[in-house]
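Subject: Structure handover

Hello,

Here is the structure we talked about passing on. Please open it and keep it beside you while you read the notes.

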Amino acid sequence: MFKQAIVRKIGKSFVNGLTTSDLGTPNYDKALEQHVAYVKALKRSGVKVTVLEMDENFPDSTFVEDTAVLTPKCALITNPGAESRNGEIIEMKEVLKDFHDTIEYIQSPGMLDGGDVMQVEDRFYVGLSTRTNEAGGLQFKEIMGKYGYGTTIIPLKKFFHLKTGVNYLGDNNLLIAGEFINHEAFSSYNRIVVTEEEEYAGNCIRMNDYVIIPKGFEGTKKKIEDVGYTVIEVEMSEFQKQDGGLSCLSLRF
Ligand code: CIR
């Protein structure tokens, strides 16, 4: 059961953030509206949402998920692999002190983005990507091992982050796309397969009684509903332009 979420408002510099997509420049006002609707969806799922102020110095800082991994036992501050984003952890460290007494850190040369970390009950899956290196993955494994969590490390082939292509919905159900569909690490789960055309919808979040999904992906929506979940759709177009998935916009705990 999630009780809290942390998000960060979008600054005007958001439109100049990092991206590899060729979907064009985001519209700032539209992104603001979409962010408000995202927060509303989180609240509907029953969590208290802490909204941090925007930080114009960090265009990508609305993607708070990359800066931390939260568990009931500890909060872990990551070491984001993109240089322009690394400073985002400075403030996040202070924010998380209000929520957690036990704070752990990934340290250089280890690099790790929260988007590469998926939790399934007491196991983590950590993707090695352009943002998360092996040293970061191994540090993560050692730290979480102290708290009784297992870690499986998964080198990525194409996906940007691990959770770009695989997300746990609970009840042994994994929403899964692309290179992960036949990956042996995930073979024991009930796999809800996302087609290539709808790949962006591979990143959804289970929030208490709901699954929050990006709007406009009817096939994936139906598959999730068929398994028995109630879906809340949110427009994500302006975040997609900046390579941002739905999970990246919040820390949930
Ligand atoms: C970046 O390149 O870091 C941002 N433009 C997007 C981050 C997306 N985060 C995520 O998928 N967890």
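Predicted model: local features only at pLDDT ≥ 70, side-chain atom pairs only at ≥ 80, totals over all residues.

Residues are numbered from 1 along each chain as its sequence is written, and side-chain values use heavy atoms, with hydrogens and water left out.

Pockets

A pocket is an open set of points on a 1 Å grid over the protein atoms alone, where a 1.4 Å probe fits, with protein on both sides within 12 Å along at least five of seven lines; its lining residues have an atom within 4 Å of a point. A volume is the space filled by probe spheres set on the points, which are joined across faces, edges and corners.

The largest pocket holds about 900 Å³ of space. Its lining consists of 31 residues, and Phe2, Leu70, Gln119, Arg206 and Arg252 lie nearest the centre. Strand E9 (166–170) is among the strands that each supply at least two residues of this lining, and E9 gives the most, with four. Strands (E, at least two residues) and helices (H or I, at least four) are DSSP runs, numbered from the N terminus.

The second largest pocket has a volume of about 390 Å³. It is lined by 20 residues, with Phe159, Phe160, Thr164, Tyr200 and Asp243 closest to its centre.

Ligand

For His161, a polar side-chain atom lies 3.0 Å from an oxygen atom of the ligand. Alone, the ligand exposes 350 Å², and the protein buries 97% of that; such accessible areas come from the Shrake-Rupley method with a 1.4 Å probe.

His161

Where is His161 in the chain? It lies in the loop between strand E8 (150–155) and helix H4 (162–165). His161 counts as buried because its relative accessibility is 5%, and buried means under 20% relative accessible area (1.4 Å probe, protein chains only). The side chains of His161 and Asp113 are joined by a polar contact of 2.8 Å; within protein, this is a pair of N or O atoms within 3.5 Å, one able to donate a hydrogen and the other to accept it, and residues adjacent in sequence count only if both atoms are side-chain atoms.

Regards

Technical notes: Buried < 20%, exposed > 50% of the residue type's maximum accessible area, 1.4 Å probe, protein only.
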